[in-house]
Amino acid sequence: MARQESERLNPALTHDMAYVTQSAALAVSRLVGHGNEKAADAAAVKAMRDAFNELSINGTVVIGEGERDQAPMLYIGEEVGRMGADDISIDIALDPLEGTTLAANGSANAIAVLAIAPKGSLLNAPDVYMEKVAIGPGYEAGLVSVEKTPIENIQALAKAKGVEPKDIRVCILERQRHQKIISELHGIGCSTILIEDGDIAGVIATARESSNVDIYMGIGGAPEGVLAAAALNCIGGQFEGRLLFRNDDERDRAHRCGIEDLNRVYKLHDLAKSDTIFAATGVTDGSLIRGVYKDLRGVSVTQSLIMQASTGQVSYITTEHRHIPDLATFMK
């Protein structure tokens with residue numbers, strides 16, 4: 001997909017976005033393992049919003065903490081940033097704490113994550129389920145699809161890689177709804193990598209040479225699908241998603257987001273168009289990035305992953321934070 005120069009974001013924004021996710025991760029780090037999901041999520045939301053409002057951007061949240069009457073901060077449609085006349089207008093998809101339960105329990109793979117793109121470039125996805133399939137770069141277009149069965153996708157990928165289906169490793173959320181798929185995969189000899197939460201990291205893993213994931217599949221949140229697609233837009237890969245609805249209220253929610261065709265199959269660039277910046281900071285240690293920790297001097301340290309589609313740059317940033325506000329500041 002060709003990108004016009006006018007669609008490019010200033011690369012300096014990558015570090016601004018890392019600052020935002022770092023702020024959220026640091027706020028949550030004080031509450032990791034304390035068993036309080038609401039407090040952890042609230043701290044992340046408040047810190048991320050405060051960090052956004054320090055930046056010279058005209059940002060609009062298109063994927064956030066819910067609709068305005070359900071979320072006091074970072075709700076869909078909220079404008080963030082200093083809002084100067086000359087500041088860039090961007091769409092923002094965010095999850096201040098992906099893996100709220102993971103963080104509260106002290107488990108692996110909790111992250112603070114966001115993606116930005118020029119205005120109108122990110123799908124405003126409703127908070128419903130999405131059927132997803134993703135693979136890394138280097139394959140013919142359309143190799144895998146949500147319109148194929150899981151076994152058909154495995155067979156197609158195995159043929160493209162020149163291996164047997166039993167050599168394919170599948171990442172999937174460990175959920176009751178996936179038991180049938182998992183049994184089918186085991187039936188043809190596939191190994192499955194079951195994750196408790198955090199399917200954004202699972203999708204990204206398909207495009208990282210160092211990971212042991214060949215394909216991601218299954219049903220997860222639609223907002224996370226857009227964030228995952230934004231990441232693959234930066235590093236390459238294939239992604240397809242199809243919204244799933246359990247009732248009329250969820251269908252109405254999709255219509256309010258401007259979605260008319262409820263049966264549409266979304267490809268990667270339907271979800272994340274033009275240039276994209278993706279940023280994630282670890283809250284707890286995970287397969288993608290390390291969580292917040294204190295070094296031997298007692299200084300808090302974060303690791304962040306930042307990527308940009310137009311530049312092709314992927315950076316891992318380790319940052320020391322010598323002056324961190326008290327937890328009470330994050331909760332005000």
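These legends walk through close-up views of a predicted model.

Residues are numbered from 1 along each chain as its sequence is written, and side-chain values use heavy atoms, with hydrogens and water left out. Local features need pLDDT of at least 70 and side-chain atom pairs count only at pLDDT 80 or more, while totals for chains, interfaces and linings use all residues.

**View 1. The annotated binding site.** An unreviewed UniProt entry lists Asp-95, Glu-98 and Glu-224 under "binding site". Their spread is 130 residues of sequence, yet they cluster in space, with a largest C-alpha distance of 8.6 Å. Asp-95, Glu-98 and Glu-224 are also part of the lining of the largest pocket. UniProt positions follow the numbering used here, feature names are shortened, and annotations may be inferred rather than shown by experiment.

View 2. Look for Asp-95 in strand E3 (residues 88-98); helices (H or I, at least four residues) and strands (E, at least two) are DSSP runs, numbered from the N terminus. Asp-95 counts as buried because its relative accessibility is 11%, where buried means under 20% relative accessible area, exposed over 50% and partly exposed in between (1.4 Å probe, protein chains only). Not counting residues up to four places away in sequence, Asp-95 touches Ile-111, Ala-112, Val-113, Glu-224 and Leu-227; a contact is heavy atoms within 4.5 Å.

**View 3. Glu-224 and its surroundings.** Glu-224 sits in helix H7 (residues 222-235). With a relative accessible area of 19%, Glu-224 is buried too. Beyond neighbours within four places in sequence, the contacts of Glu-224 are Asp-95, Glu-98, Lys-132, Asp-199 and Ile-200.

**View 4. The largest pocket.** A pocket here is an open set of points on a 1 Å grid over the protein atoms alone, reached by a 1.4 Å probe, with protein on both sides within 12 Å along at least five of seven lines; lining residues have an atom within 4 Å of a point. The largest pocket has a volume of about 730 Å³, a volume being the space filled by probe spheres set on the points, which are joined across faces, edges and corners. Of its 34 lining residues, Asp-95, Asp-127, Gly-221, Pro-223 and Glu-224 are the closest to the centre. Strand E3 gives the largest share of the lining, four residues.

**View 5. Leu-74 in its loop.** Leu-74 is not a glycine, yet has a positive phi of about 55 degrees. Most residues other than glycine have a negative phi. Leu-74 lies in the loop between strand E1 (57-63) and strand E2 (79-80).
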